[in-house]
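Here is a walk through one protein model, from its aromatic rings to its metal site and overall build. Have a look at the fold before reading on.

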Amino acid sequence: MTTGQTQLFDTMTRSKRLFEPLEPGKVKMYACGPTVYGDPHVGNFRSFVSADLLRRWLEYRGYEVTMIMNVTDIDDKTIRDSAKAGEPIKEFTQRYTRSFLRGLDALNIRRATANPRATEYIQQMITFIQALIERGAAYVAEDGVYFDIDKYPDYGRLSGMDLTQSQTTERMAKDEYDKESVEDFALWKKSTPEELKRSENEPGIAWDSPWDKGRPGWHIECSVMTRDLLGDTLDIHAGGEDLVFPHHTNEIAQSETLTGKQFVRYWVHIRHLMINGKKMSKSLGNYVSFDEVLAKYSADAFRYFYLGTHYRRPLDYTEDAMKSAEGSAKRLENTLDLLEATQKAPDTNLDLGPRERKLLDEVEKYRSSFEAAMDDDLDSHTAIDSLHAMSGAINEYLTTTPNKGVTLRAQRTYHSLLDTLGLFEKRGGGADKLTEDLIRTLIDLRNHYRKEKNYKSADEVRNRLTSLGVTLADNAEGTSWKIERK
Ligand SMILES: [Zn+2]
């Protein structure tokens, strides 16, 4: 594995740049996580899967990646919706944090090195805000503490805003707002009378601070947690494109004002998932739930659907696209099935003839084209094309008696590339030796019943296995089995 050849599109410079971390071989990466106020939906996961892809690719390229993804468990929305649900905010956000983590696992998204919660960092946030006030970049107003964006000359550079015309005298208390509202933003919000009342018998709503009881604004949380866990300068900061403004713009202003150093070396932003031509989002109410999709399609189809399109290109959720992803993923997986079956067959072909050489050449060629595509700003769409070509070459080779040494080499390469995409990780359901032996014993029992023409008992064994997710297939060589992934 070699480092130092991956290009990433950096939002700040609006160009693809060769990726080089600050410290050779090590990557400090941060991805903005979810605000936990509802079950995650299909739209949220495009950016999480893409961040996972980036991390996996850097690891494949030999980097040691430390990745942090935060969980926002205090903000306007968690306060509002926990009240609506009549539930303490802590229980409310914990429930949705669990549901988010379950979603990550279901989609084979590798867990981050840490998932810090905003409420665990309130003291550090207060200290950070105090330092900003001391530097004259923040001020106390009647409803909270605000960052004075006039004090940060580069404000808005990330999103390419022209601020020469704007003289900011207005303040923005809300966490989310659009580009038409370039205003000083809240670092600390004093609790409203309702929030104060709620906080009397409920933790997690208001905290003591030098500026009355209140809570942090959303943007300060990421500046504080990145600094605490990764230091002043991050190699990569990733997130959905909607975070460029105001969230990331504000993170930069806060962090660089405090440290005087560059906050982030590469800004990676992921396009929204669309549905019927609109951004899929909870607030627009046009979302498809995660469970709804996983009830119909495999997790691999789901990942394939996201990765089949480059992360900066538009992607529309449709049933047809999901069906087609399922079919394409199955084709790739079928090659793994064939390769595994080959390894179980007796070794009869020891030739290293023209067919073998041709296969090895092709595998090498498609591996190179896969790597080149991924190094080009994670072009997973083109990379997957190479994988299909490799799969075709392997399938073709396996139509006659294969040389097992050669297929094993092909299998290793094929597998290692699938791993960078996080596909088919739950193959075999992680069956250990004992599980395999138990399944084999039950298959023998079923075959014994069949020989005795006791089909009722034979079917019973098969059905019980099916209900556990183990499917059987009878063929000329006997009975094979597979743990279905769901
Ligand atoms: Zn963030």
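This is a predicted model: local features need pLDDT of at least 70, side-chain atom pairs count only at pLDDT 80 or more; totals for chains, interfaces and linings use all residues.

F45 has a relative accessibility of 0%, so it counts as buried. F48 comes out at 6%, and since buried means under 20%, F48 counts as buried too.

F48 belongs to helix 1 and F100 to helix 3 (residues 89–106), so the pair ties together parts that lie 52 residues apart in sequence. F100 is at 2% relative accessibility and therefore counts as buried.

Zooming out, how many aromatic pairs does the model have? The count is 18. F45 and F48 make one of these, with ring centres 5.3 Å apart and planes at 85°, so they meet edge-to-face. Ring pairs also join up into a cluster made of F45, F48, F100, F290, F302, F305, Y306 and Y317.

R95 lies over the face of Y96, 4.7 Å from the ring centre. Over at Y146, the charged end of R171 sits above the ring, 5.5 Å from its centre.

## The zinc site

Which protein residues hold the zinc ion? The donors are C32 and C222 through SG, H247 through NE2 and E251 through OE, at 2.1 to 2.7 Å from the metal. The angles among these four donor atoms run from 70 to 131°, and the site is irregular. A tetrahedral call needs all angles between 85 and 135 degrees, so the 70° end of the range rules that label out.

Along the chain, the donor residues follow the spacing C-x189-C-x24-H-x3-E. C32 is in the loop between strand 3 (26–31) and helix 1 (44–60), while E251 is in helix 7 (residues 244–259), so this pair ties together parts 219 residues apart in sequence. Both C32 and E251 are buried.

## A look around I68

I68 is part of strand 4 (residues 64–69). Is this residue, I68, buried or exposed? Its relative accessible area is 3%, so I68 is buried.

Leaving aside residues up to four places away in sequence, I68 touches M29, Y30, A31, A112, T113, A114, P116, L229 and L230. M29, Y30 and A31 from that list fall within the span of strand 3 (26–31). As for V140, which is 72 residues from I68 along the chain, the C-alpha atoms of the two are separated by 31 Å.

## The whole protein

Stepping back, the protein has 15 helices and 16 strands. Its C-alpha atoms fill a box of roughly 85 × 50 × 40 Å along the principal axes. Of its 486 residues, 54% count as buried.

Conventions:
Residues are numbered from 1 along each chain as its sequence is written. Side-chain values use heavy atoms; hydrogens and water are left out. Donors are N, O and S atoms within 2.8 Å of the metal (3.2 Å for Na, K and Ca); water is not among the atoms, so sites may look incomplete. Four donors count as tetrahedral if all angles lie between 85 and 135 degrees; four count as square planar and six as octahedral if opposite donors are over 155 degrees apart and all others between 65 and 115; anything else is irregular. Helices (H or I, at least four residues) and strands (E, at least two) are DSSP runs, numbered from the N terminus. Buried means under 20% relative accessible area, exposed over 50%, partly exposed in between (1.4 Å probe, protein chains only). Rings of Phe, Tyr and Trp (its six-membered ring) pair if their centres lie within 6.5 Å; planes under 30 degrees apart count as stacked, over 60 as edge-to-face and the rest as tilted. A charge sits over a ring if NZ of Lys or CZ of Arg is within 6 Å of the ring centre and within 35 degrees of the ring normal. Contact means heavy atoms within 4.5 Å.
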